[in-house]
Amino acid sequence: MKRAPWLVVAGAVAGFLGVAGLHKTAPPGTLASPGTRPASHASRTAQPGRARPEGTAAATPAPSTTGSAAAPAGPVTALGAMENYGYGQLATRVSITGGRITGIAVPVLRTAEQYSQQLAVQVIPTLRSEVLAAQSARINAVSGATYTSQAYALSVQAALDKAHFG
Amino acid sequence: MSASPVAFEGPDSPSTRKRKPARHVRAAAPPRPALARASLVLAGGGLGAVSALTVTGESASQLAARGGVLTFAGSLTGMAGSYLALIMVLLVSRIPFVERVAGLDGLIRLHRLIAPWPITLLLAHALFITAGYAEAARTGAWHEAGTLLTGYPDVLTATLGLGVMAAIGLISVRAVRRRLPRETWWLIHLGMYLALAISFAHIIVLGPAFVGHPLTQLVWSLAWAGTAGLVLLYRVGLPVVRSVRHRLRVVEVRPEGPGVVSLICTGRRLDRLAVSGGQFFCWRFLARGMWWQAHPYSLSALPQPPYLRLTVKAVGDHSSALASIRPGTKIAIEGPYGAFTRYAQRRPRALLVAAGIGVTALRSLLEDLPRGSAPVVLLRASRPADLVLGKEVRELVRHRRGTIHELVGSREEAAIDEVSLPRLVPDLDHRDLYVCGPEGFVISIVGTARNLGIPDEAIHHEAFAL
């Protein structure tokens, strides 16, 4: 069959456009980068630098904002910089109530693959309680997740700077 | 329509030809090129789809991150490489509607042509991912390789799989392969299935296009499961069913010429075995020392229930052993295979050329050509004694009002070249060329035909390689 190469090429173009088109028309969040969830309306506070979270970006709701719901001053929140750490990228959002760090959420967590995602999900609560305990971004890295820990600390520090904390 | 006045002689009818009136023998269904074309488009579509999945799964910021470009290159090569590996398996899975159009030998040629790509792409995938992760983690490549092997799920087995693939790829390089016995190479080559199986898991667990995309995971898994199913169905299931149904066994070994024997076999319900002239089976003789290997040999006549005949020249160990095979030996078959049939013909008439033992496929193809089709037949041999089955071929040609030229002598004396071929066959422009014989001969004739302006779609060949 003389036309065989052309048939393959035609199929390849059609296949590429088909899947790419499906991706475009899909509702945001369904076919985006790994581990994404629908964007939360909350991530409007402050935009981090170069790596902006896109419309389809993950916005994991805050794990839980430890018992400071009705503080008199009202919570101040600041979004930290998006940190690329090789295995993925993350951004933190810090809540400060009455001069104390009361909550850290991770509205953006994107990783290249499942393994890094699992790892990050495992260590983020540990990192969060370390920051809450230390009331600063000067925390110890969780072993086995050095890069995730560094990125988390950097992002928290950026958020604290933005909120003029400490 | 192919009931022939020239029958080969069964053992019970030395020459009296007291055959039962020929029962209606099931004709092979014509090939359906449209289905094969659709498969080509589908195969291309899959490649486009996996590339698109990889590209759309990547965000600009991931690409801009440290090691992002290398990691992306790693994903792309990995996806394309494993997809091509899937195509490689499908190419040799004997899917009947594809095989009928392209022929097993054509599919194997394509399989060999593509072979370097998946292996190269997958090796590049491993290197890119290691380098990309090392850059991202700011460590050395060796350290990162260790992390990947020990810390990441299923990467160790996938790396073993890649090692096996690369090793098998090396022994399949022509220069190396020629030094190995065919059976040894074939057994080692089966290791590819194992290599693919143990590499599968890490794609689903770690591939950026799959993590968090259950639909993509499902489609990919189904594609591989389906491919495995097709291989089992058509490479194992169907041959077993046919072998059991027809229960072939050898009844007579008949010398035909120097080093050439015909094996006459009997079987049940051979009228249900749809074969086209020019096709071959892979024959597995269930005798001591032979049962574990299947060899391709053409039928040298259309089935003549309850008989089948194959004619073999002693060239290798296997074909030499066939001369002394005991009558009664049972046979398992795979096939029929091959697109070297009358259905391939594109122009009004046919020119059939064979050298040496290539006459077997020519003989059965000729028998399948309609009466009055006026074929031209060229038989080439170095000695008159090597013109085996000559009498049968002459008779078949006569019944089809054709012409036969027997070219006996050295290659120089009895050359088929750009000067002699148009002289022997003046209406070359109206004929399809079918050529069958040793590889060197086939290559030379095909080259001559192309130079004489016969288009590729009118050239059909079947080469014997050791």
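At roughly what angle do the axes of helix H6 (residues 116-137) of chain B and helix H8 (residues 155-171) of chain B cross? In this predicted model, the two axes come within 10 Å and cross at roughly 145 degrees. The crossing in which H6(B) passes H8(B) is left-handed. On the side of H6(B), the contact is formed by Ile119(B), Leu122(B), Leu123(B) and Ala126(B); H8(B) contributes Thr159(B), Leu162(B), Met165(B), Ala166(B) and Gly169(B). An α-helix has 3.6 residues a turn, so residues three or four places apart point the same way.

Helix H14 (residues 359-368) of chain B is largely enclosed by the rest of the structure, because 10 of its 10 residues are buried. The buried residues of H14(B) include Val359(B), Ala361(B), Leu362(B), Leu365(B) and Leu366(B), and among them are also Arg363(B), Glu367(B) and Asp368(B).

Regarding confidence, the predictor assigns the complex an ipTM of 0.82 and a pTM of 0.78. The average pLDDT of chain B is 89, and 94% of the residues score at least 70. Over residues 1-5 of chain B, however, the pLDDT is below 50, and this stretch has 9 contacts in the model beyond near neighbours in sequence. In residues 14-21 of chain B the pLDDT likewise stays under 50, and the model has 6 contacts beyond four places in sequence for this segment. Where pLDDT is low, the predicted coordinates should not be read in detail.

Key:
Residues numbered from 1 in each chain as written. Chains lettered and ligands numbered in written order. Predicted model: local features only at pLDDT ≥ 70, side-chain atom pairs only at ≥ 80, totals over all residues. Buried ≥ 20, exposed ≤ 12 C-beta atoms within 10 Å, placed from the backbone. Helix = DSSP H or I, 4+ residues; strand = E, 2+ residues; numbered from the N terminus. Axes fitted to C-alpha atoms, helices over the stretch in contact; angles between N-to-C directions. Left-handed = near helix turned anticlockwise from the far one by under 90°. Contact = placed C-beta atoms within 7 Å. pLDDT = per-residue confidence, 0-100.
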